[in-house]
Amino acid sequence: MGRIVLDRVKKNFEQVTVIPPLDLEINDGEFVVFVGPSGCGKSTLLRLIAGLEDVTQGTISIDGNDATDVPPAKRGLAMVFQSYALYPHMSVRKNIAFPLRMAKLDKAEQDKRVEQAADVLNLTDYLDRRPGQLSGGQRQRVAIGRAIVREPAAFLFDEPLSNLDAALRVGMRLEISELHKRLETTMIYVTHDQVEAMTMADKIVVLHAGVIEQVGSPLELYRSPRNKFVAGFIGSPKMNFLAGEEAGKLNADTVGIRPEHIRASASEGDWVGRVGVSEHLGSDTFFHVHVEDWPQPVTVRAGGEVEMYHGDTIYLTPDPERIHRFDAQGLRLG
Amino acid sequence: MARAVSTQQKTINTVLAWAIGLLIFFPILWTILTSFKTEAQAINDPPLFLFFDWTLENYAIVQERSDYMRFLWNSVIIAGGSTIVGIIIAVPAAWSMAFVPSKRTKDILLWMLSTKMLPAVGVLYPINLIFIQLGLLDTRTGLVIIMMLINLPIIVWMLYTYFREIPGEILEAARMDGAGLRDEILYVLTPMAIPGIASTILLNFILAWNEAFWTLNLTAAKAGPLTAFIASYSSPEGLFFAKLSAASTMAIAPILILGWFSQKQLVRGLTFGAVK
């Protein structure tokens, strides 16, 4: 079980409020991702749930029990840190067994569970090594192994993949997702990478300056972002924002349109512009198009093998169904 | 080519390091050599390096005249005792400053270090008076206390820098893994801090062993350690270079052997904390 409820939780560091009162419900078995730019309070929020930081106000309950003043050791949560935080003086086996040793499980049971976890994480051959003798990916697995052996109410991940190289990151992302499918335990995952958020989450919590901007499934956030911040943060490349005349036509302060919802053509379209930078990825092509009198270039996604280059004239047509309208406060209209 | 240059550089570095090492070691070597000469040979001009009549008579005389073992034992008690007491006080102090720092932690550390900036002789008179009042003059207890106090700032600083190196996330991980404060200290912090604590102990022991100002000024016949033993041979009444050298060699021998065996720890201790 792992249902976590935050009720009017507030956090101050000295005089500075980093998280104004905030409510959040995380259901049992959910994979929840906290995402936001650095300094948005996502790690602080995770640490509040972990008990590594004290809440200034409000309550946190885990499975219906008030855990606000319960020390981290007694909350029944497991955490995977960005730096892995393995015990350097212990072998992999002892690292993974540590939470079981703290829980005073008998030796045979400890060994059994460590073997199981090692098997799941492909660590069986490394059990007698020290963390210092492992690669980054292996260390990350040990950290995950240490978290899963004790069968916690929920897993907390604090940017666990940011120290890995790009290829390894994609692999570990899949492994963590698979682990979640298998264990069906609540997972709370903090990242600044919206791709990780989109690919892994059942539910994404977008944070900005300590405030929850929106909570929803990846596609909900993609289809109907509640405000300009979420619209710009979710999706890659970023949504294009147009103000002024174009927005005025649609009775909005600003309109947003995603690069993939603009059709590019060499011959006809609503807008005409010139290709600035063109990025040919093979599967897709991204054009940065300069339209006369517009302050910023428009990013457009086109098919993989469209042969248009710097300086070419290009015609753009937005999909009218997919235009997002925002008012002067940046809130979604309609 | 880059390889050739680096090999050449390496050779130069090695030669230079040996030259500096020998230069620093030379007075000790000279002392040891002199201890095997007769008094006449010891003051020979030009100085004799290796070709003289090697003799052990100085050692015999020194041993006969003064009780080496008693001085040695005093040194062990004073250096060892002050180190143990110092560590017992310094570990919790450094611990709390490293892991639960307050706004004033840096100031406290600096203030502690500032006591080392005062010349020792500046407080000789008051300390002497206090020792007389408390009946600590020429007692090992008195010296253990003063030696401990003198080195305490250095021990705290060294341990503080060691503890600071232990990443906070590892301690948090232990907490998340269900470790209480006792488990955290016993199974995670202490094993990780042991190399630091060990080299601190070693360095402190050596500092206390070699300390000469207070040991000479606060002791007489009873509690005098090896520094007093050496000093007793540098008398103004005549030149006893050979005997003085023999006494010095006997005094530094134990610490030299200890240092030799714990070189690795010591070097780490000296370079790591960047304290001394």
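Of the 276 residues in chain B, 32% count as buried, where buried means that 20 or more other C-beta atoms, placed from the backbone, lie within 10 Å of the residue's own, exposed means 12 or fewer, and partly exposed is in between. Please keep in mind that this is a predicted model, in which local features need pLDDT of at least 70 and side-chain atom pairs count only at pLDDT 80 or more, while totals for chains, interfaces and linings use all residues. Residues are numbered from 1 along each chain as its sequence is written, and chains are lettered from A and ligands numbered from 1 in the order in which they are written.

Staying with chain B, its secondary structure comes to 13 helices and zero strands, helices being DSSP runs of H or I with at least four residues and strands runs of E with at least two, numbered from the N terminus. The C-alpha trace of chain B spans about 70 × 70 × 30 Å along its principal axes. If we take the contacts in chain B between residues at least 6 apart in sequence, 78% of them join residues at least 24 apart, a contact being a pair of residues whose C-beta atoms, placed from the backbone, lie within 7 Å.

Ala251(B), which sits in helix α12 (residues 241-261), is buried because 23 other C-beta atoms lie within 10 Å. Leaving aside neighbours within four places in sequence, Ala251(B) is in contact with Leu226(B), Phe229(B) and Ile230(B), and its C-alpha atom is 9.5 Å from that of Trp209(B), which is 42 residues away in sequence.

Now to chain A, which is divided into domain 1 (4-232) and domain 2 (238-333), with bounds that come from an automatic or database domain assignment. The C-alpha centres of these two domains of chain A lie 37 Å apart, and eight residues of domain 1 are in contact with ten residues of domain 2. On the domain 1 side of that contact there are three nonpolar, three polar and two charged residues; here Ala, Val, Leu, Ile, Met, Phe, Trp, Tyr, Cys and Pro count as nonpolar, Asp, Glu, Lys and Arg as charged, and the others, Gly among them, as polar.

What is the place of Gly235(A)? Gly235(A) is in the loop between α8 (228-233) and β11 (240-243) of chain A, and it is partly exposed because 19 other C-beta atoms lie within 10 Å. Not counting residues up to four places away in sequence, Gly235(A) touches Tyr222(A) and Arg258(A).

Between the chains, the contact takes 15 residues from chain B and 18 residues from chain A. On the chain B side, α8 (168-176) and α9 (181-210) each supply at least two residues, and α8(B) gives the most, with six. By class, that side of chain B divides into eight nonpolar, two polar and five charged residues.

Finally, the largest nonpolar core has 123 residues, and those with the most contacts inside it are Val33(A), Met79(A), Leu156(A) and Ile188(A); such a core is a set of buried Ala, Val, Leu, Ile, Met, Phe, Trp, Tyr and Cys residues joined through C-beta atoms within 7 Å. Helix α7 (residues 140-165) of chain B gives the most to this core, with 15 residues. Domain 1 and domain 2 of chain A both give residues to this core, so it lies between them. Among the contacts of Met79(A), leaving aside neighbours within four places in sequence, are Leu156(A), Ala173(B) and Met176(B).

Key:
Contact = placed C-beta atoms within 7 Å.
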